[in-house]
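Here is a quick tour of one chain, written to be read with the model open beside you. Take a look first, then read on.

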Amino acid sequence: MKSLIKISFIALVLVAVVSCKKDSRPNYQFMPNMYEPVGYETYSESEAFKNGVEAQLPVDGTIPRGFTPYEIENTTEGFELAKATLLNPLDSNEIDLERGKELYNIYCAICHGTKGDGQGNLVKREKILGIPSYDDVGRAITEGSIYHVIYYGKNAMGSYANQLNEEERWQVVAYVLDLKTKLEK
């Protein structure tokens, strides 16, 4: 008799537990504010901040992770300074000419040509004119000048600072100098 009561009680508890479970809704939450945060509209008014607006600007001087500021200005003097002083921070073990070639073919070869001779597809189709070869006598390009032009652009060429990160820009610089040496032979 006692075992029948125990079995009935256990069966009743199991039926109660199984019958309370609904897969269509979440279980009971002990601290609902932790699971369901209060949503704020981006430009709504709020007393949480001094200026009364939810959308806040980053603190002055904030630099995004992985970003290194480029201190040289986008002027003729800045270009000359970069040309004279800026050197590739990658050592010979970090330079990957295959990666540089891949990036160059994606972003540069359309105008400058795959050999760096200024005969890219857009030049051949006469969409863009006047792209000099890397080995032209009057064009004394250096690591710094190439990097500066990739970062800011020059003449009809726009900036590629948003398309290439710093390491990728230096890979392209190394590949352009490699193309220049191949053209000078």
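## Ground rules

This is a predicted model, so a local feature needs pLDDT of at least 70 and side-chain atom pairs count only at pLDDT 80 or more, while totals for chains, interfaces and linings use all residues. Residues are numbered from 1 along each chain as its sequence is written, and side-chain values use heavy atoms, with hydrogens and water left out.

## Overall layout

The chain has 8 helices and 0 strands, where helices (H or I, at least four residues) and strands (E, at least two) are DSSP runs numbered from the N terminus. Its radius of gyration is 32 Å, well over the 16 Å that the globule rule gives for 185 residues, so the chain is more spread out than a compact globule. That radius is taken over C-alpha atoms, and the rule is 2.2 Å times the number of residues to the power 0.38. Along the principal axes, the C-alpha atoms fill a box of roughly 105 × 45 × 35 Å.

Buried residues make up 26% of the 185 in the chain; buried means under 20% relative accessible area, exposed over 50% and partly exposed in between (1.4 Å probe, protein chains only). Take the contacts (heavy atoms within 4.5 Å) between residues at least 6 apart in sequence: 53% of them join residues at least 24 apart.

## The core

How many residues does the largest nonpolar core have? It has 22, and those with the most contacts inside it are Y70, Y104, Y147, V172 and V176. Such a core is a set of buried Ala, Val, Leu, Ile, Met, Phe, Trp, Tyr and Cys residues joined through side-chain atoms within 4.5 Å. Helix 4 (97-107), helix 7 (143-152) and helix 8 (166-184) each supply at least two of the core residues, with helix 8 giving the largest share, 6 residues.

V176 touches Y104, Y134, I141 and I146, leaving aside residues up to four places away in sequence.

## Rings

There are 9 aromatic pairs. Rings of Phe, Tyr and Trp (its six-membered ring) pair if their centres lie within 6.5 Å; planes under 30 degrees apart count as stacked, over 60 as edge-to-face and the rest as tilted. Y147 and Y151 make a stacked pair, 6.3 Å centre to centre with 20° between the planes. Both tyrosines lie in helix 7, 4 residues apart, or about one turn of the helix, and both are buried.

## Single residues worth a click

S145 lies in helix 7 and counts as buried, at 3% relative accessibility. Not counting residues up to four places away in sequence, S145 touches F79, A82 and K83.

Now for backbone angles. Most residues other than glycine have a negative phi. E126, though, has a positive phi near 60°; E126 sits in the loop between helix 6 (121-124) and helix 7 and is exposed, with a relative accessible area of 62%. N155 also has a positive phi, near 55°. The loop between helix 7 and helix 8 holds N155, which counts as exposed at 79% relative accessibility.
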